[in-house]
Amino acid sequence: MIVLALDCSASLCAACVYDAGGGIELGREVRDLGKGHAEHLMAVIDAALGKAGKTFAGLDAIAVSVGPGSFTGVRVGVSTARGLALALKIPAIGVTTLEALAAEAADGFPGRAVLAALDGGRGEIHAGLYDKHLKPLFGPAATSLEEAARLAKQADAVLAGTVAEAVAALGGSAEIGPVKATADIAVYARLAAGKGAGERPRPVYLRDADAKPQAGFVLPRTGS
C-alpha cells in the first residue's frame with residue numbers, strides 16, 4: 001500500500017509518500033509556514049510525490065491529521081484529503097495528533113503507556129492517554145493540567161506534546177518523549193496504514209473556534 005500522508009495541524013505543512021508494505025518512506029516535503037497552509041499544501045504534495053517518484057495514480061490511500069490543532073490548518077488538511085480520496089477513488093484515513101505523538105513517543109519508550117498533551121488555549125489541555133499497545137484509555141478530550149498529571153502518574157506514562165514538561169513538573173512523570181505540537185509526518189502514514197479504510201476523516205475540535213461572528217451580524221434562520 002502506497003500512502004500519501006498530510007499534516008497541517010500545527011505550523012508545519014507536511015506531506016510524505018510511504019510504502020506500507022516495505023515500511024519505508026519514499027519522499028517528503030515539510031515547510032514551517034505558521035499560516036497559509038491552503039495556499040501551499042498542493043505544492044507540498046507535488047514536491048513529496050516528485051521526490052518519491054510517484055503520481056496521484058500510484059496512491060492507494062490518503063492519511064491526514066484530524067487534530068486537535070489549528071482550526072484552519074486541520075480543516076485544510078482534512079478537506080484536501082477527502083477531496084483527493086474522492087477524485088482518486090481511494091480511502092482517506094484520519095489520525096489524531098495525539099495518537100501520532102503517542103506513537104512517536106512509544107518508539108523511544110517501547111512497552112510504556114503514553115500521555116500526549118497539547119496546549120488547547122484558555123487554560124485547557126488537550127490530552128489523550130494510550131496504553132503500551134497504543135490503545136486509547138482516555139480522550140482525546142479537553143482537561144486540566146492537574147488532571148493530565150494525575151492520569152499520567154496513575155498510568156506511569158511517558159509524556160509527549162507541547163505541555164509535557166508542565167505535566168512533568170506537577171509530578172506526572174519523569175520521562176518525556178517528543179515535546180512538539182505534532183508528530184513526524186511518516187508516523188501519520190504508518191498509523192493510517194495500520195488502521196485501513198473506515199469512516200471518512202473529520203476534524204477533531206475539542207473547543208469552539210476563537211473567531212465567532214458578532215451577534216448583531218448573525219442572520220436569523222428562516223423557515224422552509
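Start by selecting strand E7, residues 124-130. E7 is mostly covered, with six of its seven residues buried. Buried means under 20% relative accessible area, exposed means over 50%, and partly exposed lies in between (1.4 Å probe, protein chains only). Strands here are DSSP E runs of at least two residues, helices are H or I runs of at least four, and numbering starts at the N terminus.

This is a predicted model, in which local features need pLDDT of at least 70, side-chain atom pairs count only at pLDDT 80 or more, and totals for chains, interfaces and linings use all residues. Residues are numbered from 1 along each chain as its sequence is written, and side-chain values use heavy atoms, with hydrogens and water left out.

**Neighbours of E7**

E6 and E7 run antiparallel and are joined by seven bridges. Two strands count as paired if DSSP finds at least two bridges between them. Click alanine 117: its bridge partner in E7 is alanine 127. Then go to the hairpin of E6 and E7, which has two residues between the strands. There, arginine 122 takes a positive phi near 55°.

Alanine 127 has alanine 141 as its bridge partner in E8. Isoleucine 125 stands opposite threonine 143 of E8. In the hairpin of E7 and E8, five residues lie between the strands, and leucine 134 takes a positive phi near 65°.

**The whole sheet**

Show the four strands together. They form an open sheet in the order E8-E7-E6-E9, with mixed pairing. Which strands are at the edges? They are E8 and E9 (158-160), each of which pairs on one side only. On average, neighbouring strands of this sheet are turned by 15° against each other, direction ignored. Axes are lines fitted to C-alpha atoms, for helices over the stretch in contact, and angles run from 0 to 180 degrees between N-to-C directions.

Next, select helix H3, residues 97-108. H3 lies across E6, E7, E8 and E9, running at about 140° to E6. Contact means heavy atoms within 4.5 Å.

**The aromatic pair**

A search of the whole structure finds one aromatic pair. Select phenylalanine 71 and tyrosine 205: the ring centres are 4.6 Å apart and the planes are at 20°, so the pair is stacked. Rings of Phe, Tyr and Trp (its six-membered ring) pair if their centres lie within 6.5 Å; planes under 30 degrees apart count as stacked, over 60 as edge-to-face and the rest as tilted. Phenylalanine 71 lies in helix H2 (residues 71-88) and tyrosine 205 in the segment after helix H6 (185-195), so the pair ties together parts 134 residues apart in sequence.

Are these two residues buried or partly exposed? Phenylalanine 71 counts as buried, at 18% relative accessibility. Tyrosine 205 is partly exposed, at 33%. For another distance, pick proline 201: from phenylalanine 71 it is 130 residues away in sequence and 15 Å in space, C-alpha to C-alpha.

**The cysteines**

How many disulfides are there? A search of the whole structure finds zero. A disulfide is a pair of cysteine sulfur atoms within 2.5 Å. Select cysteine 8: its closest cysteine sulfur, in cysteine 13, is 4.2 Å away, too far for a bond. Cysteine 8 is buried, with a relative accessible area of 2%. End on cysteine 16, which is in no disulfide; the nearest cysteine sulfur, that of cysteine 8, is 13 Å away. Cysteine 16 counts as buried, at 0% relative accessibility.
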